[in-house]
Structure formats: structure tokens, C-alpha cells
Amino acid sequence: MPSCRPLRLANSIYNRFVQATTWLTVGAIAAGALVLAGLAYWELVVAEGAHLGQRVVVLLYDWTAQRYESIKKFDIEYEDRALGQPLALALRRITPCQVLDVAAGTGRLARSLLRQPAFAGDVVNLDLSKAMLLHTRHHQSQHARRVHRVQSPASRLPFVDNTFHAVSFLEALEFLPDRKAAVREAVRVLRPGGWLLLSNRVGPDVPWLSGMTFSRPEFLAVLSELGLCEIDVQPWELDYDLAWARKPL
Ligand SMILES: C[S@@+](CC[C@H](N)C(=O)[O-])C[C@H]1O[C@@H](n2cnc3c(N)ncnc32)[C@H](O)[C@@H]1O
């Protein structure tokens, strides 16, 4: 009778091979899933969809609109000290005055400005996300007649040149595919002598946001190339620089 040993050996080698390839496949699938999850986290959470286009950014903001305020946890005193009070002071001699908040989100700028007794004017909240704009109404009902909502892209503002006494553009420049053109558009609708408030992202996430932010020297260069004067750039919040600049008379 022939020995079964070679057959058993072959069987055992085959079984080990099947086991090894199964584990390798499972490992490769798990590694792939981890890489995909990492990419999705980076693109959808860190970069907030910016590399995937305007539609994805707006869709993400439509989805998060209801939670935006609780995520941001705006501190009223800080908001007033950094935004509302200095802007109301800068605009105190102008009545009535018109302010535009580009990519206004849930209307933080309008809220802070309208809390200032020195401010006598209206604010236009412009955003591309309808859900974010709906929340401006929710948060600003006591000033309903002084707050206006416009759904529009920041890259093409539906206003004639030299309309507003101040234009703000906070925490949003990084979502625009052509940042320089977006700043030019904000300056276009600003009146001579008017103030621009513009943020540029600078925090620790910047290396992950390739092509979405200006370096500090670039930011200053863009503001001066547009002919703005009285430029002052200061660190703001954790992740931004905030520029104040004036359109010459
Ligand atoms: C981080 S939030 C900032 C909102 C507000 N400025 C603030 O500081 O709380 C970014 C906002 O930009 C808006 N946005 C993004 N891309 C836009 C675009 N191309 N045009 C207009 N708004 C845009 C989003 O819908 C969102 O409301």
C-alpha cells in the first residue's frame, strides 16, 4: 500500500497557503478601508469638502446648519470685542449704512454688529447655503427689518460697484476655488473709504489644506495689490489671521 504522507503534506501546505492568502486579503481590505476613511475624514472634515467643489461644500453646510452654532460656541464678549464694537466704531458717522457679510453662515457678524447701539444700519447676509441663511433668520428675528438674506456665490456678488460701507468675509475664503478673485469681488462692492474684514486660515491644519490658504506674505501682498490701505493683520481665533483694510477714497 502506497504511503499517504506526501499527500497529507501537500494538503497541509495547501491549507496554509489558503489561510495565508485569506489573511492577506482581509488585511489588504482593512488597510484600504482605513486609508479611505482617513481620506474621507481629511477631505470632508478637515478640508470641509473644498477640494471636491463648491457644491459639496454647500451640501456639507446645508447638512450641518442646524448644529453650526453649537459646534462654534461663539463667545458673545469675544465676538463683540473683535468684530461688533470696532466695526460699529468705524462706521459710527455713517447713517444709514450698509454692511455686507459674504459667506455669512448663521450671521455671526450681523448679530454682533446689531448688538452695538452705535450701529445704525442694515446688514446683508450672503451665503450659498440656503440652510445656513435660514438660520440667520432664526437668530436675528428681533432685528428682522435690518437684516437681509441673499443666496449667491461669493465669487459673483449680485451688487453694483461701490455699494457697501463695510464688507466682511470671515472663515470662508479657503472654500473659494479662486481666492484672489473672491477678494477682488468683495473689494469691488465696497465703497471708497469703506472697510474690509477678511480672514485667512493659518492654523496647524494648513499643511493639510494645500492650495486653500494664503501664506502670511501672500495675504498681505493680495491686499496691497488690490490698492487697499490702512491694512492691519492680527491673529484671530485659533486658526485665523484677521485683516482690516480700507478702500482708498
Ligand atoms: C465656516 S462657515 C463661516 C460662516 C461665517 N462667516 C462665520 O464666520 O461664522 C463658511 C460659510 O461659507 C459658505 N460658503 C462656502 N462656499 C461659498 C461660496 N462659494 N459662496 C458663498 N458662500 C459660501 C458656507 O455655506 C458657510 O456658511
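Visitor: Where does P96 lie?
Guide: This is a predicted model, and in it P96 lies in the loop between helix 3 and strand 1 (97-102).

Visitor: Is the peptide bond from T95 to P96 cis or trans?
Guide: The bond from T95 to P96 is cis, and its omega is near -10 degrees. Most peptide bonds are trans, and most residues other than glycine have a negative phi.

Visitor: On phi, then: what is the value for A103?
Guide: A103 is not a glycine, yet its phi is positive, at about 55 degrees.

Visitor: And where is A103 placed?
Guide: A103 belongs to the loop between strand 1 and helix 4 (108-114).

Visitor: How exposed is A103?
Guide: A103 has a relative accessible area of 22%. Buried means under 20% and exposed means over 50%, so A103 counts as partly exposed.

Visitor: What about N162, which phi does that one have?
Guide: N162 also is not a glycine and has a positive phi of about 55 degrees. N162 sits in the loop between strand 3 (147-151) and strand 4 (164-169). With a relative accessible area of 37%, N162 is partly exposed.

Visitor: Let us change topic. How much space lies in the largest pocket?
Guide: The largest pocket holds about 1100 Å³ of space.

Visitor: Which residues lie nearest its centre?
Guide: E48, Y61, Y68, E171 and F175 lie nearest the centre of the largest pocket, out of 47 residues that line it. The elements giving two or more residues to this lining are helix 1 (5-46), helix 2 (54-72), helix 3 (76-90) and strand 2 (121-127).

Visitor: Which element gives the most?
Guide: Helix 2 does, with ten residues in the lining of the largest pocket.

Visitor: How do the lining residues divide into nonpolar, polar and charged?
Guide: The lining of the largest pocket has 26 nonpolar residues, 15 charged and six polar.

Visitor: What does the domain assignment give?
Guide: The domain assignment gives domain 1 (1-46) and domain 2 (71-246).

Visitor: How many Å separate their centres?
Guide: Taken over C-alpha atoms, the centres of domain 1 and domain 2 are separated by 54 Å.

Definitions and conventions. Residues numbered from 1 in each chain as written. Predicted model: local features only at pLDDT ≥ 70, side-chain atom pairs only at ≥ 80, totals over all residues. Heavy atoms only, no water. 1 Å grid on protein atoms, 1.4 Å probe; cavity = no way out; pocket = protein on both sides within 12 Å on 5 of 7 lines; lining within 4 Å. Points joined across faces, edges and corners; volume = space filled by probe spheres on them. Helix = DSSP H or I, 4+ residues; strand = E, 2+ residues; numbered from the N terminus. Nonpolar A, V, L, I, M, F, W, Y, C, P; charged D, E, K, R; others polar. Buried < 20%, exposed > 50% of the residue type's maximum accessible area, 1.4 Å probe, protein only. Domains from an automatic or database assignment.
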